[in-house]
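Q: I am new to this structure and would like to go through it step by step. Could we look at it together?

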Amino acid sequence: MQAALENLPYVEQRDGTYWVSGTRVSLDSVVQAFWSGQTPESTAQSFPTLSLEQVYGAIAFYLAQRSEIDPYLARGRAELEAARDATRTKDLAFHTKLAAIKRS
């Protein structure tokens, strides 16, 4: 089954990142929508460049490849958190002001 999914054109890897084939929509975005409870139909509406078939195909790819994709997603989340922390540290005064504004 895995080999059959690899031949479907729904997901491609470019520069170490997974994308819905032929688009600028990351697999991460589709998976995030899936895990947050969005239906494939609402995900397709959120990303007008995707067809409903592409959304279902990307979700099917993810579910079939979870052992590979879940660690990839975890690395991406860790990198994002590290970048956020670095930004906060670099300009602490700005982020302190921003947090105060959000609280009020």
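Q: To start, where does Asp15 lie?

A: The model shown here is a predicted one. Asp15 lies in the loop that runs between β1 (11-14) and β2.

Q: And what is the phi of Asp15 near?

A: Phi of Asp15 is near 50°, which is a positive value in a residue other than glycine.

Q: Is Asp15 buried or exposed?

A: Asp15 has a relative accessible area of 81%, so Asp15 is exposed.

Q: What is Ile69 in contact with, leaving aside its neighbours within four places in sequence?

A: With those neighbours set aside, Ile69 is in contact with Tyr18, Leu27, Phe61 and Tyr62.

Q: Some of those are aromatic. How many aromatic pairs does a search of the whole structure find?

A: The search finds 5 aromatic pairs. In one of them, the rings of Tyr18 and Phe61 have centres 6.1 Å apart and planes at 45°, so this pair is tilted.

Q: Which parts does that pair tie together?

A: Tyr18 is in strand β2 and Phe61 is in helix α4, so the pair ties together parts that are 43 residues apart in sequence. Both Tyr18 and Phe61 are buried.

Q: What about the rings of Phe34 and Tyr62: how far apart are their centres?

A: The ring centres of Phe34 and Tyr62 are 6.5 Å apart, and the planes are at 65°, so the pair is edge-to-face. Phe34 belongs to helix α2 and Tyr62 to helix α4, so this pair links distant parts of the chain, 28 residues apart.

Q: Why does Phe34 count as partly exposed?

A: Phe34 counts as partly exposed because its relative accessibility is 27%, and the range for that class begins where buried ends, with buried being under 20%. Tyr62, in contrast, is buried, with a relative accessible area of 2%.

Q: Which residues form one aromatic cluster?

A: One aromatic cluster is formed by Tyr18, Phe61 and Tyr72.

Q: Changing topic, how much space lies in the largest pocket?

A: The largest pocket holds about 190 Å³ of space.

Q: Which residues line the largest pocket?

A: The lining consists of Asp28, Val31, Gln32, Trp35, Leu73, Gly76, Arg77 and Leu80. The elements giving two or more residues to this lining are α2 and α5. By class, the lining has 4 nonpolar, 2 polar and 2 charged residues.

Q: Where does Leu80 lie, and how far is Leu80 from Val31 in space?

A: Leu80 lies in helix α5. From C-alpha to C-alpha, Leu80 and Val31 are 16 Å apart in space, and they are 49 residues apart in sequence. Leu80 is partly exposed, with a relative accessible area of 42%.

Q: Finally, where is Ser104 found?

A: Ser104 is found in the segment after α6 (92-103). Ser104 is exposed, with a relative accessible area of 79%. The C-alpha atoms of Ser104 and Ala60 are separated by 43 Å, and these residues are 44 residues apart along the chain.

Key:
Residues are numbered from 1 along each chain as its sequence is written. This is a predicted model: local features need pLDDT of at least 70, side-chain atom pairs count only at pLDDT 80 or more; totals for chains, interfaces and linings use all residues. Side-chain values use heavy atoms; hydrogens and water are left out. Contact means heavy atoms within 4.5 Å. On a 1 Å grid over the protein atoms alone, a cavity is a set of points where a 1.4 Å probe fits but cannot get out, and a pocket is an open set with protein on both sides within 12 Å along at least five of seven lines; lining residues have an atom within 4 Å of a point. Grid points are joined across faces, edges and corners, and a volume is the space filled by probe spheres set on the points. Helices (H or I, at least four residues) and strands (E, at least two) are DSSP runs, numbered from the N terminus. Ala, Val, Leu, Ile, Met, Phe, Trp, Tyr, Cys and Pro count as nonpolar, Asp, Glu, Lys and Arg as charged, and the others, Gly among them, as polar. Rings of Phe, Tyr and Trp (its six-membered ring) pair if their centres lie within 6.5 Å; planes under 30 degrees apart count as stacked, over 60 as edge-to-face and the rest as tilted. Buried means under 20% relative accessible area, exposed over 50%, partly exposed in between (1.4 Å probe, protein chains only).
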